[in-house]
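Here are a few notes to read with the structure open beside you. Take them one at a time and find each residue as you go.

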Amino acid sequence: MTLDPARAHRYTARRRTRADHDGGFHLLFSHTRLIHDLLVGFIDEPWVDRIDLGTLERVNAKLHAGTLRRADGDMVWRVRLKRGGYAYLYVLLEFQSTSDRWMAVRMAAAVLLLYLHLIREHARNRPEAVAVVRDGKLPPVFPLVLYNGTGAWTAACDVADLVALPRGLDDWSWRPSLRYHVLGSRDQASTTAAGSDNLVAILFDLERCRTADEVATQVGRLADLLQGEDQAELQRAFVTWIVSVPAVANDLPIRARHVERLSEFKPMLRNLGEHIRK
């Protein structure tokens, strides 16, 4: 069966927007500030207070089965504990717009591949692996899935829940167990609690924008927070994402060649909003 030209165009546009969305988030979460704000504003776990967020560093781990080559959507961050040692954060940035029934298996595989990577690097006496594989033990990992769908996440969050036990094996104790955490980017309550200066909260608010005025408000918040030359790279990352995702989603005629800095968005979006209201 073939799609009519109009439907085919919409399908292609959705796929292109999804690719831009994923690539844009990957670019943004390559910045330490985004990971910092993600943990501080959205992860309500006691261990967040026990890590030294000033030591966050990205790790170029290779996490593909067989070759152990890193998957394009995967990202690994290492952070030092305040009392010494390291914790690993595994962030899956292939953002999900719908629940993935087998996500628990995928995340478990990713965590185990990270451990295999550390074991291999430790065997080669690589300093970064020797520092975290101590006394024959591996470091803890926090598996995190970022979900931007509109409905509830319904997939199992533990591999054990995906393994069926036939009648007569109710007492079977060999099911593998590995959990992951799901964070929904469209949860209004979570972004409000994160604080007005949290960049991830603003990013999630931008995903919910439906008008040029709403986009302009969030861009203004970003521009106020990301001033100075030391923020230029992060500004460019946000500009790229805004042009590729919120502008496309809201049918705003803005192109990357029109904008270089966040402050340039504000008058453009304000004028556009006034034009639409007329």
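1. First, a reminder: what you're looking at is a predicted model. Keep that in mind for every point below.

2. Let's start with the aromatic rings. There are six aromatic pairs to be found here. Take Phe25 and Trp241: their ring centres are 5.4 Å apart and the planes meet at 90°, so this pair counts as edge-to-face.

3. As background, nonpolar side chains tend to be buried together in soluble globular proteins.

4. Now for strand S4 (residues 141-147). Seven of its seven residues are buried, so the strand is largely enclosed by the rest of the structure. Which residues point which way from S4? Val141, Pro143, Val145 and Tyr147 point one way, while Phe142, Leu144 and Leu146 point the other way. In a regular strand, side chains alternate between the two faces of the sheet.

5. S4 has a partner. Four bridges join S4 to strand S5 (residues 181-184), and the two run parallel. To see this on screen, find Leu146, which stands opposite Leu183 in S5.

6. Have a look at Asp100 as well, in the loop between strand S3 (86-96) and helix H3 (103-123). Its relative accessible area is 17%, and buried means under 20%, so Asp100 counts as buried. What does the side chain of Asp100 make a polar contact with? The partner is the side chain of Arg106, at 2.5 Å. Setting aside neighbours within four places in sequence, Asp100 is in contact with Arg106, Trp153 and Ala155.

7. Last, two arginines to find. The charged end of Arg78 sits over the ring of Tyr86, 4.3 Å from the ring's centre. Arg101 has its charged end over the ring of Trp102, 5.3 Å from the centre.

Technical notes. Residues are numbered from 1 along each chain as its sequence is written. This is a predicted model: local features need pLDDT of at least 70, side-chain atom pairs count only at pLDDT 80 or more; totals for chains, interfaces and linings use all residues. Side-chain values use heavy atoms; hydrogens and water are left out. Rings of Phe, Tyr and Trp (its six-membered ring) pair if their centres lie within 6.5 Å; planes under 30 degrees apart count as stacked, over 60 as edge-to-face and the rest as tilted. A charge sits over a ring if NZ of Lys or CZ of Arg is within 6 Å of the ring centre and within 35 degrees of the ring normal. Buried means under 20% relative accessible area, exposed over 50%, partly exposed in between (1.4 Å probe, protein chains only). A polar contact is a pair of N or O atoms within 3.5 Å; within protein, one must be able to donate a hydrogen and the other to accept it, and residues adjacent in sequence count only if both atoms are side-chain atoms. Contact means heavy atoms within 4.5 Å. Two strands pair if DSSP finds at least two bridges between them.
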